[in-house]
Amino acid sequence: MTTGAVVGQVDLGDHICWTYDVETAGLDAVGRFVAAGLLRDEKVVCFLDTLDPAAVVAAVHERGAAPEEALADGRLRIRPATESYRPDGRLDPDRMVFSLADESARAQREGHVGLRLVGDMSWAARTGTDVAELCRYEASVNRLFPDGRVAALCLYDRRLFPADDLWTVAATHPSTVGPRTGRTWIPLLRAYRTGQPPGLRLVGQVDVSNRAAFAAMVTDATDRLPFGRAVVLDLSGVSFADVAAATALVDAGRAARPREVRLVGCRPPLRRLLDLVGAEVRA
Amino acid sequence: MTRTLPNQDTFVHEGLFYPDTDALVAGLVPFVTSGLAAGEPVLVAMPRAHLELVRDAVADADAVSWADMADAGRNPGRIIPWVLQAFVERHPGRRVRIVGEPIWVGRSDTEYPACAQHEAMINAAFTGRPATILCPYDATGLDDTALADAHATHPVLVDATGRRSSPAYAPSDVVARYNAPLPTPPGPVDVRAYHVDTLPELRRFVAARAAVAGLGEDRVADLQIAVTELAANSVAHAGGGGTLQVWTTPEHLVCKIHDGGWLADPLAGRLTPASDGVGGRGLVIVHALCDLVRVHTTPAGTTVRLHMRRWL
């Protein structure tokens with residue numbers, strides 16, 4: 001994997017699960033991600049756990065940004081992950097998502113083009129945090145990204161998480177970087193919020209590696225609307241969708257009532273899948 | 001032929017052995033018309049040539065649903081969920097009557113094991129369902145194995161001499177007998193290992209091979225979905241990955257997917273989801289999308305072979 005090429009593809013609006021298994025690989029990714037943000041005048045907040053703050057600062061420096069200056073004027077903030085994610089000794093997903101939304105709003109008020117977040121998630125393994133709770137948090141934080149003002153790199157050390165847990169958590173991210181990621185990687189799925197009509201435009205692919213994120217984004221888009229309204233999901237940019245994605249769309253339509261979910265731009269394979277899954281659902 | 005009405009909620013599965021098409025028509029017409037007379041919805045699913053013979057002989061053909069089994073049942077694994085169960089569910093609360101001829105002269109050796117397993121699985125899939133299914137067998141044209149298997153997959157046998165219960169009835173044995181290793185041919189085979197983080201590459205690879213083999217755009221997309229569903233099962237239940245082998249025969253593009261998982265439930269993928277097990281929803285769609293699906297599954301690993309016709 002060429003870390004530079006891959007990090008270079010990450011933009012505001014992306015929520016990336018970045019898995020690594022040697023410290024230096026994690027530092028390399030964070031250094032490039034933070035440096036790119038500072039160079040674009042984005043605000044950057046790092047929640048660190050096992051990664052050493054001084055080593056992160058050095059890695060950012062090495063990538064051509066000026067982290068000391070940014071730390072001094074508040075454009076870069078480094079905070080201990082446990083204090084942020086578990087202020088009362090346990091993860092409160094809703095509260096954490098709320099505080100990140102607040103952080104994003106503050107970055108906008110301060111005149112930044114966006115907010116970059118680094119989440120060093122080793123604390124979750126160290127504290128024995130329930131994987132279901134962790135997934136609930138990662139799934140619900142997806143609502144921050146379709147506005148294109150926040151990018152997040154969630155760092156998962158593969159040595160600390162059992163493989164099954166790791167891929168379950170990874171699926172709550174629209175895109176994952178793994179040991180076999182190649183230099184042609186681009187984020188697998190992106191969502192863009194639309195105003196007129198209200199809804200989401202989805203671009204990319206949905207499969208077992210990101211299906212929980214897809215379901216969460218679709219659900220959030222419908223939850224935002226008052227009863228009686230219709231949410232429009234523009235799927236013209238979805239080049240691949242699996243059975244679970246089709247099922248999630250059918251389920252979202254049912255759960256949204258009395259709102260309506262309108263699908264536009266479905267490509268023929270997805271339309272066939274919706275027919276097949278819909279036929280099952282009627283059964 | 002006389003026939004006693006079954007109990008309202010019993011499932012009846014009978015094999016009809018016909019020596020020629022006259023006997024076929026003579027056996028099926030009273031079955032169909034007495035079903036209509038009893039107010040039961042009737043479906044006849046047979047290869048087109050047989051279908052037309054029976055349709056011409058039934059007075060009220062418009063009251064019957066007709067399906068070309070060579071198309072609807074091209075993949076034998078598709079028949080239970082997408083032909084039989086679909087018909088039952090279109091008529092909730094009513095006893096239905098179905099003629100299903102899934103095995104005919106001309107079914108290939110590659111298809112046959114899936115056909116026999118299909119016939120065997122009907123018994124478990126429809127236990128307790130209010131349905132009568134009659135399966136015609138060409139007693140003259142089919143080989144001894146197919147006829148012997150039909151005795152094992154049908155609890156009741158029907159021929160010119162009457163109806164009797166089958167002493168050889170043992171459907172589980174048939175499912176097990178054809179749950180056999182699926183060899184890879186000696187010819188050129190492409191191999192790819194896959195993992196949860198290489199699925200887009202896997203899909204690109206499948207699409208390229210399928211396009212070279214002559215599959216149309218829609219069929220390429222269907223195959224990508226099918227392969228992705230099986231790979232998803234590997235990710236969720238078989239240690240995170242597996243291997244894909246792809247080759248072509250004159251008739252088919254073949255994708256063979258192997259992983260360390262086990263489909264312990266023989267009905268996995270054969271039922272619509274309400275009563276389905278782990279991974280079942282993806283598998284039932286795989287059956288709908290592919291032209292033939294062969295499975296070999298043991299506690300040590302599972303191999304699934306997907307066949308897509310190169311020329312439809």
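## Burial and overall form

A residue is called buried when its relative accessible area is under 20%, exposed when over 50%, and partly exposed in between, using a 1.4 Å probe and protein chains only. By that rule, 54% of the 283 residues of chain A count as buried. This is a predicted model, in which local features need pLDDT of at least 70 and side-chain atom pairs count only at pLDDT 80 or more, while totals for chains, interfaces and linings use all residues. Residues are numbered from 1 along each chain as its sequence is written, and side-chain values use heavy atoms, with hydrogens and water left out.

The C-alpha atoms of chain A fill a box of roughly 60 × 40 × 40 Å along the principal axes. In chain A, 77% of the contacts (heavy atoms within 4.5 Å) with a separation of 6 or more join residues 24 or more positions apart.

## Helix α10

Chain A has 12 helices and 10 strands, taken as DSSP runs numbered from the N terminus (helices H or I, at least four residues; strands E, at least two). The buried residues of α10(A) include Phe214(A), Met217(A), Val218(A) and Asp220(A). Among the elements that cover the buried residues of α10(A) are α8, β9 and α11 of chain A.

## Cysteines

Zero disulfides are found over all chains, a disulfide being a pair of cysteine sulfur atoms within 2.5 Å. Cys46(A) is buried, with a relative accessible area of 0%, and its sulfur lies 12 Å from the closest cysteine sulfur, in Cys154(A), which is too far for a bond. Cys266(A) also counts as buried, at 12% relative accessibility.

Definitions and conventions: Chains lettered and ligands numbered in written order.
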